[in-house]
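Subject: Structure handover

Hi,

Here is the structure I promised to pass on.

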Amino acid sequence: MSNKKDVPIVAQSSETTDWVSRFADEVIEESERRAPGKPVVVASGLSPSGPIHLGNLREVMTPHLVADEIRRRGHVVRHVLSWDDYDRYRKVPNGVPGVDESWAEHIGKPLTSVPAPAGSPHPNWAEHFKAAMIASLAELGVEYEGISQTAQYTAGVYRDQVLFAMKHRADIDAILDQYRTKKAPAKKQNQKPVDEAELDDAEGSGAAAEDDGSSGSAGYFPYKPYCGDCGKDFTTVTSYDDETTELTYTCTVCAFSETVRLKDFNRGKLVWKVDWPMRWAYEGVIFEPSGVDHSSPGSSFQVGGQIVGIFGGKQPIGPMYAFVGISGMAKMSSSKGGVPTAADALQIMEPQLLRWLYARRRPNQSFKIAFDQEIQRLYDEWDKLAAKVADGSALPADVAAYTRAVGTAAGALPTTPRPLPYRTLASVADITAGAADQTLRILRDLDPTDPLTSLDEARPRLDRAESWINTQVPADQRTIVRAEPDVDLLKSLDDAGRESLRLLLDGLDSHWSLDGLSDLVYGVPKVQAGFPADATPKELPPEIKTAQRTFFALLYQLLVGRDTGPRLPTLLLAVGEERVRVLLGE
């Protein structure tokens with residue numbers, strides 16, 4: 001089916017087809033085989049059990065990028081995002097503001113029945129953590145169809161599937177039983193510790209008891225009621241009648257027991273390892289990725305591939321995706337607290353850059369997202385790629401990743417009109433502490449031939465750089481310009497030191513721009529050594545580099561009181577010519 005919409009197609013050649021296009025080819029072919037004439041269905045699933053971190057974002061971005069490529073080709077696509085908000089509340093996550101150990105009393109309840117953190121405007125725990133992700137996905141241009149599993153189950157949408165699973169519980173149990181005696185792979189010596197979320201899926205057989213369903217004297221049941229008294233899922237089904245659908249359960253926490261007719265009862269759900277494949281069949285999912293933890297024996301994805309057949313469906317095509325890390329941090333775990341979310345990343349980087357990080361790496365490749373100084377190098381790389389795409393020199397696969405980053409089938413994402421270098425903006429934000437008038441003065445002087453007339457031209461990149469400085473750079477690494485000249489240091493200089501400052505001061509007027517000052521500060525040691533200021537490195541002896549480092553350290557000491565700091569041309573522009581002259585002893 002075509003949506004008859006003019007959308008950009010990412011140009012490819014057979015040798016350079018990127019991973020997104022390859023999956024799109026496969027998904028379209030499989031969809032036409034399974035469900036000809038119907039929309040292509042891709043899926044993601046997120047549990048709002050705590051902050052939804054940047055590792056979880058890969059669960060959404062991988063199918064989004066594939067779905068978007070399919071849309072670009074004119075097909076109708078449903079990207080189903082299941083909010084697993086009817087899952088049980090398993091533990092109190094660390095590091096969540098407004099949450100303390102008193103939340104432990106809610107363990108076992110559905111996430112939508114747990115109170116939101118103190119001070120939250122949202123009605124419950126699940127909605128609190130969904131809200132930030134929903135806002136981030138909108139900013140990232142991700143088009144999806146959100147489905148609350150609480151709404152689905154409590155409205156009886158899956159009633160037929162629940163009754164069917166109960167009727168075929170012996171078949172389901174037989175599949176699960178193949179894996180119950182299997183053990184997870186032994187942890188290698190010196191292996192980095194996995195996060196708690198991964199351990200939860202890997203412990204024991206890989207088919208955790210809470211995912212399997214309950215087996216007792218009455219047999220195996222793939223359905224778990226939430227208690228009618230305490231609201232928790234510490235329940236055991238003690239009897240079930242297939243004809244009448246009468247189900248009796250007992251709660252092991254409060255000892256409450258009741259008998260219900262399952263055909264009319266909506267306060268419970270299928271256990272996870274049955275629930276997931278049921279939804280594959282119900283939604284007709286063609287493509288859904290899963291984390292690398294699902295490669296273990298008895299994992300939900302592996303077991304689901306067999307159980308889905310009971311429901312008359314097929315397992316989706318789905319790559320295993322690797323973990324996402326953060327520069328300077330251990331592998332992310334939402335249960336350990338303090339892990340960055342998509343909202344955190346979008347405070348310090350534009351959506352295009354974050355999309356690019358997910359688009360340029362194959363799902364099975366791990367990568368890191370920079371919250372430290374590495375973000376400056378990352379932005380440099382991004383800007384160089386943009387220039388290569390513009391002049392036609394970028395490789396086709398790089399062009400594809402760039403195209404997927406800057407927009408979707410629906411159009412281009414909002415962008416910064418004047419994308420000045422991120423490291424320059426960060427340095428300016430550092431020095432000016434966000435003062436708008438000073439920031440505009442400095443940015444205007446960067447290129448006198450085409451001066452910036454408004455800070456809006458540099459936004460939102462400027463705002464992201466300011467946020468990075470304010471939230472990610474430690475106070476002891478911030479730049480504070482001296483209030484008064486360092487008289488003692490100026491007096492202690494030898495003739496060569498005083499000459500270097502004179503050469504710099506003499507050249508300020510004629511070099512007052514970013515490029516000009518760069519030429520000047522690098523040129524002073526060359527001139528002192530008897531070489532032209534524009535001499536190239538090949539024309540200079542190795543000791544010139546040493547002289548330049550010594551000169552730079554002197555300038556940093558006189559301007560900010562330490563041996564290093566922001567790039568000197570940016571620092572000089574930020575301090576201003578008049579103050580530079582004072583601090584350098586003129």
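Leaving out residues up to four places away in sequence, S467 touches Q347, I348 and Q472, where contact means heavy atoms within 4.5 Å. S467 sits in helix 17 (residues 461-472); helices (H or I, at least four residues) and strands (E, at least two) are DSSP runs, numbered from the N terminus. With a relative accessibility of 15%, S467 counts as buried (buried is under 20% relative accessible area, exposed over 50%, partly exposed in between, with a 1.4 Å probe and protein chains only).

Before I go on, the ground rules. This is a predicted model, so local features need pLDDT of at least 70 and side-chain atom pairs count only at pLDDT 80 or more, while totals for chains, interfaces and linings use all residues. Residues are numbered from 1 along each chain as its sequence is written, and side-chain values use heavy atoms, with hydrogens and water left out.

Now the cores. A nonpolar core here is a set of buried Ala, Val, Leu, Ile, Met, Phe, Trp, Tyr and Cys residues joined through side-chain atoms within 4.5 Å. The largest one has 103 residues, and the members touching the most others are L54, L57, M349, L354, I369 and L443. Take L443: setting aside neighbours within four places in sequence, it contacts L420, L425, V428, L452, L455, A458 and L462. Another core, of 29 residues, lies apart from the largest one and includes Y179, Y249, V260 and I310. In soluble globular proteins, nonpolar side chains tend to be buried together.

Strand 1 is joined to strand 2 (residues 77-83) by seven bridges, and G45 stands opposite S82 in strand 2.

Strand 7 and strand 8 are joined by five bridges, and S239 has T248 as its bridge partner. Their hairpin has five residues between the strands, and T245 takes a positive phi near 65° there. Strand 8 (residues 246-251) also pairs with strand 9 over five bridges, with R261 as the bridge partner of E246.

Last, a helix pair. Helix 13 (residues 374-391) packs against helix 15 (residues 422-432) at about 140°, with the axes 8 Å apart. The two helices are therefore oblique to each other (under 35 degrees is roughly parallel, over 145 roughly antiparallel, 65 to 115 roughly perpendicular, the rest oblique). I375, Q376, R377, Y379 and D380 in helix 13 meet Y422, R423 and A426 in helix 15.

Cheers

Notes:
Two strands pair if DSSP finds at least two bridges between them. Axes are lines fitted to C-alpha atoms, for helices over the stretch in contact, and angles run from 0 to 180 degrees between N-to-C directions.
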